[in-house]
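Reader: I would like to learn how to read a few features of a model. Please take them one at a time.

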Amino acid sequence: MNIGIFAHVDAGKTSITENLLHRSGSSRIRGYVDAGTSHSDSMDIERKRGISVKSACLGMSWKDVHINLIDTPGHTDFSPEAERGLRVTDAAILVISAIEGVQAHTFSIWEALKKRHIPCLFFINKIDRAGASYEECLHQLQNELGAMIFTLQTAVNEEQADADSISLWANYPEQAHPLIERSIENLAEINDVIMECFLEDKIPDKEELLKTLAQECKKGKIAPVLCGSAKNGNGTQALLDAMISYLPVADESNELPVSAYVFRTEFSKNDGILAHIRLFSGTLKTRDSIRCPRKNTEIRISRLMKDSGGKTIDIEEVNCGDTAIIVGSTGLSTGDELGEIKNIPEASSINISVMTTAVKAKNEADYYALSQALTELNTQESSLNFDWRREEKELHISILGKIQTEIIESLLHDKYGIAVEFEEPQIVYKESPVNIAEADVRYTMPKPCWAVMRFRIEPTEEGSGITYESKVSFDKIHRKYQNEIQETIPKALKQGIRGWQVCDAHITLIDGEDHEVHSRPGDFILATHMGIMQALKNAETKLLEPLQAFEIKADELFLGQISGDLNQMRAQIEPPQFEGNRFTLKGLIPTSESLDYSIKFQSITKGKGSLRLRFGKYAECPEGSGKDRAYRGVNPLDRSQWILHHRGAFKADERQT
Ligand code: GDP
């Protein structure tokens with residue numbers, strides 16, 4: 001099983017992970033004790049230092065089920081990394097603090113889980129702390145998050161040091177409880193058999209209920225809820241049992257060609273780059289090679305490792321569905337897709353960078369050190385999109401919000417000793433085609449070269465991304481060149497004719513030919529850029545701007561003023577909802593307008609209101625509100641320069657290898 005663990009910072013994810021590892025590993029330690037060698041002490045030290053829980057992925061076994069627990073960072077502003085965690089998990093544990101309840105981060109994760117139909121279970125932690133309310137959390141899960149839940153446990157002695165979680169169902173059906181009724185109602189809503197029972201006033205059998213819960217949970221339709229106190233190690237065993245009972249196991253398709261996704265990279269002094277991968281198909285062995293389409297190279301696998309109960313061990317092979325670490329293969333970055341990439345499920349985005357900012361070292365002498373530090377950070381967190389504009393001596397990164405600049409600032413200060421400042425963030429726009437258009441590209445001079453193609457570009461629905469198809473047979477353009485074309489399309493769309501990433505388009509290769517003698521590897525890459533750019537020019541494009549989804553809660557008194565502000569900021573507002581004398585307002589607001597609103601909002605509501613902002617979507621930008629950006633680097637429309645530049649770069653690559 002590949003299970004991601006998600007939580008808001010401080011909710012207790014680290015403690016829970018440690019508990020799971022300890023509890024599931026205990027049987028093995030007992031084995032050692034039987035053999036006369038007690039390892040419990042060293043385990044204790046390991047626990048104290050928390051070494052084990054730092055790993056990106058921990059392997060453990062529970063009742064003969066092998067579980068990879070995949071860690072994800074908790075900070076909202078580093079969500080792209082959480083998103084990569086999601087890509088490699090088949091199921092999730094969402095940890096919520098019984099004191100803080102559902103938070104903005106919970107919403108983002110929950111939405112991403114739902115979008116991908118990833119089954120999940122909730123663990124409400126810290127029931128021992130003052131201010132904890134399990135009931136309130138259940139209410140929020142159901143009513144605020146809109147989750148279909150099934151409560152497995154109830155909390156006793158809440159808010160006290162000896163708080164405990166006990167099964168709700170131990171004495172079912174003798175003992176009634178409102179939470180039991182609600183859980184059965186929820187299950188009935190999604191399952192006909194239970195619904196029939198319910199309508200006929202029959203009491204469903206416990207086995208039947210839990211079996212149905214397992215079926216529906218594995219489909220992602222309902223989520224079991226457990227509670228406990230990680231500090232007291234309470235609720236851990238029930239959590240392990242629930243994981244193997246209600247969450248799905250990984251698909252296995254070992255027969256297919258190998259494909260893998262790099263979800264995390266780290267540096268190790270002794271071993272170099274450690275690339276954490278999940279296999280989606282096939283088998284990977286040491287001494288195999290696997291293709292890295294991003295770099296257009298083969299990566300040789302000299303060594304593989306895997307975590308086993310908090311320690312890494314060498315392995316000879318990794319099978320489909322499992323995770324492993326590729327050791328020392330330079331050139332791999334977080335987010336890389338390897339091998340037969342069509343077997344890897346597509347990415348969904350939780351949060352994306354909608355702004356860029358320039359970073360400057362306060363002390364000019366640190367410029368080079370800063371560029372090195374950012375290069376290193378970018379390998380670990382590629383969503384920073386670090387862009388080193390050497391000619392202008394400028395360093396640019398992508399960010400999600402102003403808070404992220406603070407995190408990066410302190411990271412650079414603490415880890416690298418560099419003091420930095422940021423320029424005012426710039427909005428990142430996108431562009432999408434307006435009309436259907438076609439374009440020809442003939443790259444046949446100066447010889448040797450040959451790549452002839454005709455592309456069509458069509459606008460597609462908002463949010464549909466980029467799709468590509470080829471209508472040209474392999475007889476006309478060889479399979480290897482068609483691969484080159486397919487892999488180049490996303491790169492060619494990184495900058496459109498207005499300088500921004502192109503989205504919402506369908507691209508078709510409608511005609512073309514290679515040449516048995518003259519076509520060389522790389523010709524179709526070069527020509528695809530030219531053809532796509534020409535097609536975009538023919539189609540014309542419109543600008544899209546990022547919108548934030550907002551949710552505001554405040555006293556009725558402020559409704560007038562807040563609605564007025566929102567209207568001025570070009571917001572789209574849904575009708576307000578009232579509860580007591582407070583209102584809730586939801587809608588979408590352009591990111592460019594909302595940058596400084598939270599400060600103003602706090603002062604209007606005197607700190608008593610809540611404003612939650614997260615990325616909503618990209619939508620068409622009214623004429624005049626957005627900005628075009630100059631093309632960066634050599635523009636493929638500048639044909640002769642482009643060919644010269646590309647051939648030069650190609651030669652440089654050849655020299656390197
Ligand atoms: P993370 O940031 O989500 O990884 O949370 P940690 O596991 O590091 O926990 C954050 C803090 O909360 C630590 O000081 C823990 O000791 C404490 N903590 C975690 N779980 C519990 C719990 O169940 N009860 C109480 N009282 N404290 C807890």
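Reader: In which loop does Pro 448 lie?

Author: First, the ground rules. This is a predicted model, in which local features need pLDDT of at least 70 and side-chain atom pairs count only at pLDDT 80 or more, while totals for chains, interfaces and linings use all residues. Residues are numbered from 1 along each chain as its sequence is written, and side-chain values use heavy atoms, with hydrogens and water left out. Helices (H or I, at least four residues) and strands (E, at least two) are DSSP runs, numbered from the N terminus. Pro 448 lies in the loop between strand 26 (437–443) and strand 27 (451–459). The peptide bond that joins Lys 447 to Pro 448 is cis, with omega about 0°.

Reader: Which residue does a cis peptide bond join to Pro 173?

Author: Tyr 172; omega is about 0° there. Pro 173 has its place in the loop between strand 8 (164–167) and helix 6.

Reader: At what angle do helix 6 and helix 7 pack?

Author: Axes are lines fitted to C-alpha atoms, for helices over the stretch in contact, and angles run from 0 to 180 degrees between N-to-C directions. Helix 6 (residues 178–190) and helix 7 (residues 192–199) pack at about 125°, and their axes are 6 Å apart. Angles under 35 degrees count as roughly parallel, over 145 as roughly antiparallel, 65 to 115 as roughly perpendicular and the rest as oblique. Helix 6 and helix 7 are therefore oblique to each other.

Reader: Which residues of helix 7 make the contact with helix 6?

Author: Contact means heavy atoms within 4.5 Å. Helix 7 contributes Asp 192, Ile 194, Met 195 and Phe 198, and the residues from helix 6 include Ile 184, Leu 187 and Ile 190. On helix spacing in general, an α-helix has 3.6 residues a turn, so residues three or four places apart point the same way.

Reader: Which residue caps the N-terminal end of helix 7?

Author: A polar contact is a pair of N or O atoms within 3.5 Å; within protein, one must be able to donate a hydrogen and the other to accept it, and residues adjacent in sequence count only if both atoms are side-chain atoms. The cap is Asn 191, with a side-chain oxygen 3.0 Å from the backbone nitrogen of Val 193. After helix 7 comes Asp 201, whose phi is positive, near 60°.

Reader: How far is an oxygen atom of the ligand from the side chain of Ser 15?

Author: An N or O atom in the Ser 15 side chain is 2.5 Å from a ligand oxygen. For Lys 13, a polar backbone atom lies 2.8 Å from an oxygen atom of the ligand.
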